[in-house]
Amino acid sequence: MTIDSRTGAAPAPTGPLSRVDYSERIPNNVDLAGDRRLQRALEGWQPKFLDWWKKLGPGLPTKDVYLRTAVAVGRDGWAHFDHVPMDEYRWGIFLAERDPDRKVNFGKHKGEPAWQEVPGEHRADLLRLIVVQGDTEPASVEQQRVLGNTAPSIYDLRNLFQVNVEEGRHLWAMVYLLHAYFGREGREEAEQLLKRNSGDLDAPRILAAFNEATTDWLQFFMFTYFTDRDGKYQLGTLKESAFDPLARTCEFMLKEEAHHMFVGTTGVQRVLERTAELMREHGTADVFPFGGISLDVIQKYLNFQFSVSMDLFGSEQSTNAGNYYTSGLKGRWMETRRKDDHVLLEATRELRYLEDGQIRTKTVPMLSALNLDLRDEYAADCAHGVRRWNQALEDAGLSERLYLPHEGFNRKVGVYAGHPITPHGEIIDEDTWQARAAEWLPTPEDRERVASLMVPEYEYGKFAGWIAPPKTGINDQPVEFDYVHLADEGLI
Ligand SMILES: [Fe+2]
Ligand SMILES: [Fe+2]
């Protein structure tokens, strides 16, 4: 367990343990059998989900995969590991335990009992929040569809599929809320979640970062590090929601998300370890000719993924965000552990903005700047991982370092949009940007060079030449474990 230095240790979990009912067609801990209408509606959606999974889920044919499946939501262990055919994965509906005494912890309803139903006045906003969150889950599966074809190892292939099935389950979690609490409108939105597709020109996914193709494994690792982490912070705000079923749903999703970010953190770290090894061995920074990915290209991938993920937080100042907070729909990161009045009517904060070609600071009402509050938490967390990666470079005896680009770099949303800024925070003109962007963002040639290294390595315990093996396997299994059985055994 990690302890967050900004807020202290997590509170101890409360509530009894509930087991998940696996005898049901849709495993759940929400007593689906007790609500026949809802059960039938979800059973009607299930085949559509499976069609979507077959069409746009992982493309590489497999027999089975060593996967984690949620089997309980309580405090001692919740997961079971086994080889399962992926399209028989038990996607289910699991909410964290209900705390019968839970209260609204912030905003104008602070102190009132948490809501078990959707209040009419907040229905439209809650529906929107759930749809936007829900849309990102299948989107990332679609983005990562072809990655299996170039997996650097069976271990990594398994991790990719684990992330994919869990994002599929997160879609289930959101669809459950839509079906259970939003009537016909909710059911229609649930259909749309399968109809919009990542990168589709006519019906794209809602948020821009989820329409970018995941072209290679370095980008996948950057995505799971930076973009899944955005998901963590968004879920963290919804986990505080006064609407209790949403809060409990997100709380459980966060458990699964931790592994996705582990894949990103360790993935990038292993790439760096290999790069550092090749740099030392050959005495050059250009390790592409030796089968590694050069540090400057790793930095460019980092710059790209961090900046598009920063855009996901929306404008720094947002009336909507303030209203969501005051109404109790969406809290702040670690809301209940913050030491203030949780109403924020008087609170202010500093906001950086651009004026006369300079970055300036002004004081604004806290309620107007909650997107920025969340984004700052996120950026601080991201910086943490970069320090860890730099430790790997230092351990390898190299003086080169990675860095997090300036918050204004390559932004399309908010105060920095339309203002070219270098990764080091220098404001430049458009011509300079055009002339120098290739130094900071991956060029088509960079992506091609990375792609040329992406050859599959399907032999158990072997790893492609551009990435170091992990220190340990999954769930105490050895690194060379048969995590995936491919459909075509001839490939192994
Ligand atoms: Fe997710
Ligand atoms: Fe995720």
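**Helix 1 against helix 4**

I began with the contact between helix 1 and helix 4: Ala41, Trp45, Lys48, Phe49 and Trp52 on the helix 1 side meet Arg187, Ala190 and Leu194 on the helix 4 side. I sorted the residues of this contact by type and got six nonpolar, no polar and two charged. The model I am reading is a predicted one.

Next I looked up the geometry of the pair. Helix 1 covers residues 36-56 and helix 4 covers residues 183-195; their axes are 10 Å apart and the packing angle is about 10°. Angles under 35 degrees count as roughly parallel, and helix 1 and helix 4 are therefore roughly parallel to each other.

**The chain as a whole**

I noted 11 helices and five strands in its secondary structure. The C-alpha trace spans about 65 × 65 × 45 Å along its principal axes.

I then checked the radius of gyration. A compact globule of 492 residues would have a value near 23 Å, and the protein chain has 23 Å, so the two agree. I also noted that 42% of the 492 residues are buried. For contacts between residues at least 6 apart in sequence, I found that 69% join residues at least 24 apart.

Which strands form the open sheet, and in what order? I found three strands in the order 2-1-5, with antiparallel pairing. Strand 2 and strand 5 are the edge strands, each pairing on one side only. On average, neighbouring strands of this sheet are turned by 15° against each other, direction ignored. As background, strands of a sheet pair through backbone hydrogen bonds, either parallel or antiparallel.

I went through the two pairings in turn. Strand 1 pairs with strand 2 (residues 79-84) over six bridges, in the antiparallel sense. Within that pairing, threonine 69 stands opposite histidine 80, and alanine 70 stands opposite alanine 79.

Helix 3 (residues 154-181) lies across strand 1 and strand 5, and runs at about 55° to strand 1.

**Alanine 203**

I picked out alanine 203, which sits in the loop between helix 4 and helix 5 (217-238). Is alanine 203 buried or exposed? I counted 9 C-beta neighbours inside 10 Å, and because exposed means 12 or fewer, alanine 203 counts as exposed.

Leaving aside neighbours within four places in sequence, I found alanine 203 in contact with Lys195, Arg196 and Asn197.

**Phenylalanine 306**

My last entry is phenylalanine 306, in helix 7 (residues 295-311). With 26 other C-beta atoms within 10 Å, phenylalanine 306 is buried; the cut-off for that is 20 or more.

What does phenylalanine 306 touch, not counting residues up to four places away in sequence? I listed Phe226, Cys382, Leu404 and Pro405. I then looked at alanine 379: phenylalanine 306 and alanine 379 are 73 residues apart in sequence, and their C-alpha atoms are 8.8 Å apart in space.

Methods: Residues are numbered from 1 along each chain as its sequence is written. Chains are lettered from A and ligands numbered from 1 in the order in which they are written. This is a predicted model: local features need pLDDT of at least 70, side-chain atom pairs count only at pLDDT 80 or more; totals for chains, interfaces and linings use all residues. Two strands pair if DSSP finds at least two bridges between them. Helices (H or I, at least four residues) and strands (E, at least two) are DSSP runs, numbered from the N terminus. The radius of gyration is taken over C-alpha atoms; the globule rule is 2.2 Å times the number of residues to the power 0.38. Two residues are in contact if their C-beta atoms, placed from the backbone, lie within 7 Å. Axes are lines fitted to C-alpha atoms, for helices over the stretch in contact, and angles run from 0 to 180 degrees between N-to-C directions. Angles under 35 degrees count as roughly parallel, over 145 as roughly antiparallel, 65 to 115 as roughly perpendicular and the rest as oblique. Ala, Val, Leu, Ile, Met, Phe, Trp, Tyr, Cys and Pro count as nonpolar, Asp, Glu, Lys and Arg as charged, and the others, Gly among them, as polar.
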